[in-house]
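Take a look at the sequence and the model below. The report then moves from rings to helices to strands.

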Amino acid sequence: MVLKFIFQLDSNNGIIEKILLRAAKELNIKLGLSRDIKNLYAFIEGNENDIDNFSRKISTEMPLSIFLKSLNAEVVEEFQNDLKIDFPDLNVAPCPRCLKEVKDPENENYYNPFHHCEVCGYHVNEKLKIENEKWKEKFENLADKLKKEGRIYIQTMNGRYEVTTDLEDAEQVVAVDLAAVATYFMSFDGDAKALASIEKPLVRLKTNLSFKKEFGLSVPAYFVKLPDCMVLELLCEEIKNDIKLLGLKKTDKNDDFSFEIDNNDEIPVAVVTDTRNHDILIESGERGLLPKYEKCLGKNIEGSYSNYIAVSKDDKTVIKKAENTEEIKIKIPFAGYFGVLNQWNLEDKVTMGFAFYKKDENKIMINSPKFGLVEYVDFNFKFEKFEDVFAAIKVMNETGEKLIENFSNKEPELFKNALKADLNTDSQGIAYLWGLIGIVLGFADNIDDAYKKLLEYANFAMAKKGPRIDYKMKDKNLDPLWAIRTAMSFKLAGVDNYLLSFGVVESFAEFLSNTYEQVNKESPLDGAVIVGDLFEGEFLNKIYTSIKKNYPTFTPRALPISGPIEAYGSAVINAKS
């Protein structure tokens, strides 16, 4: 009898595969692995009892993964085993088996924070010289000090932190379990899956009324995670009956618990979308994702971007962090776009690419096997001073002239401050435009801070729908003046900063979605590609959700929305040149 398990799995980093291989070895059962671009297949050959034992074992030891979409099984006649067993070495949060073992008083690894297995763990350089029977006492003492003094300073597997019961200025919040998340935050099924996954990302969650009542804080949202290493896991085990949430702040101190570890990976930040299946996208970070293996592009092919490098050799391309990388010689939007196309085998399909970057070009592109790459829409605009912005709106039409007059009369401080604002910045495209809007709304006196504040307001807004901001084309370039003037109009109408910022972001996502739909009506497209570091938080959610309702949507496969994918994409382009 051959049973075929079908894992719809975007990642090929080997976490699921390693658990399957370990289970088969321990049960002495024949296992074969195979995969295509979307699925991992596991073939189990044996009698009914063998297959039942294997199924039970993986049901208890298989972790949730943000990249595992579904699992099905069927009886087949043919056994397959053609997957090369070669997986990258990753820093990974504890797996279900190791978590169970460290909490079992009869296990030799009871309360050992350095316990790991072939599936999970971190690269620890040095172990503390404490006998196993003393580990429980160590964490009891840490918990007692935290309860009495309100803070401790510890090394975790992901950095040094001040761990505190005071959440007001917390950079991250650790919830002891999912019940605590449900009690204090506005969270849904997709959020729970992301938080509980073995990737253990940070998820931005809005606080609820229970949080505000209990903690006396009006902070609208936090980056929240569950314990993502054994140190935090065992600390939370000791405090869970008394303390439900912990605040973390980066520090140089580790006075209360210290050890050496070789881990500079950034913690992933996940965006849980409003799609029907609550798709989970990685906004940033790399822990558990890099180094990553992709298909071979040819020998001695390299690409780089930021602090990432892609090197193609032997039979694979390795994407990893690098301390020193050469400046990318390929336009970054093209690198991001072609990186995603290659990952998903879309180079012979007709796709529209949305490639948006904070400090680089923003482009809407179309790629087709017939016409090649077409740059469809640009986002090039700059102003020397805000006086030029107001002057340009004035001469648009009579309504524009009246708007500037009304704004200067009814919002004189905002008008004067905008005229004094610093417009010098490296920001380009939409980040620059949103910075201009943030300035005229009074969020900051410079482009970069105003952009960040606008995005913060949009991410924290308690809204499902915002005011409609106009985004209109002028030839093949976006005209920035319409968005600025409609934002000013809503400000004069008394719309609050949160709702107005939400509308700025949401309306642009709708503009992009409408652009796709218009082109698709004239010439059918096979999907939309979304890539670039401008896509984060609510903006990433809105654009992905808007298009995903009706069309195939592709983001970097098992990678953040920007960073490693441009390094890989530049290697893809180099391989073709």
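## A cluster of rings

Ring pairs link Phe356, Phe379, Trp434, Tyr451, Tyr471, Phe508, Phe511, Phe535 and Phe539 into a cluster. Rings of Phe, Tyr and Trp (its six-membered ring) pair if their centres lie within 6.5 Å; planes under 30 degrees apart count as stacked, over 60 as edge-to-face and the rest as tilted. The model is predicted: local features need pLDDT of at least 70, side-chain atom pairs count only at pLDDT 80 or more, and totals for chains, interfaces and linings use all residues. Residues are numbered from 1 along each chain as its sequence is written, and side-chain values use heavy atoms, with hydrogens and water left out.

The structure holds 32 aromatic pairs. One of them joins Phe508 and Phe539: the ring centres are 5.8 Å apart and the planes stand at 40°, so this pair is tilted. Phe508 belongs to helix α16 and Phe539 to helix α17 (residues 537–548), so the pair ties together parts that are 31 residues apart in sequence. Helices (H or I, at least four residues) and strands (E, at least two) are DSSP runs, numbered from the N terminus. Phe508 is buried, at 0% relative accessible area. Phe539 is buried too, with 0%. Buried means under 20% relative accessible area, exposed over 50%, and partly exposed in between (1.4 Å probe, protein chains only).

## Helix α15

Helix α15 (residues 480–492) has 13 residues. From first C-alpha to last it reaches 19 Å, close to the 18 Å expected at 1.5 Å a residue. The expected span is 1.5 Å times one less than the number of residues. After the helix comes Gly494, with a positive phi near 90°.

Which residues of α15 are buried? They are Pro480, Leu481, Ala483, Ile484, Arg485, Thr486, Ala487, Met488 and Lys491. Their cover includes α10 (386–394), α11 (398–410), α12 (412–420), α13 (429–440), β22 (477–479) and α16 (497–522).

An open sheet of 4 strands runs in the order β14-β17-β16-β15, with antiparallel pairing. Two strands pair if DSSP finds at least two bridges between them. β14 (292–295) and β15 (301–305) stand at the edges with a single partner strand each, so one side of each has no neighbour in the sheet. The twist averages 20° from one strand to the next. Between β14 and strand β17 (residues 316–321) there are 4 bridges, and the two run antiparallel. Here Glu294 stands opposite Thr317 in β17.

Helix α18 (residues 564–576) packs on this sheet, touching β14, β15, β16 (308–313) and β17. Its direction makes about 145° with that of β15. Axes are lines fitted to C-alpha atoms, for helices over the stretch in contact, and angles run from 0 to 180 degrees between N-to-C directions. Ser570 lies in α18. At 1% relative accessibility, Ser570 is buried. Leaving aside neighbours within four places in sequence, Ser570 is in contact (heavy atoms within 4.5 Å) with Glu302, Gly303, Ser304, Ile328, Ile330 and Ala335.

## Strand β10

Strand β10 (residues 221–225) is mostly covered, with 4 of its 5 residues buried. Strand β7 (residues 172–175) runs parallel to β10, joined by 2 bridges. Val173 has Val224 in β10 as its bridge partner. Strand β9 (residues 202–207) runs antiparallel to β10, joined by 4 bridges. Lys206 stands opposite Ala221 in β10.
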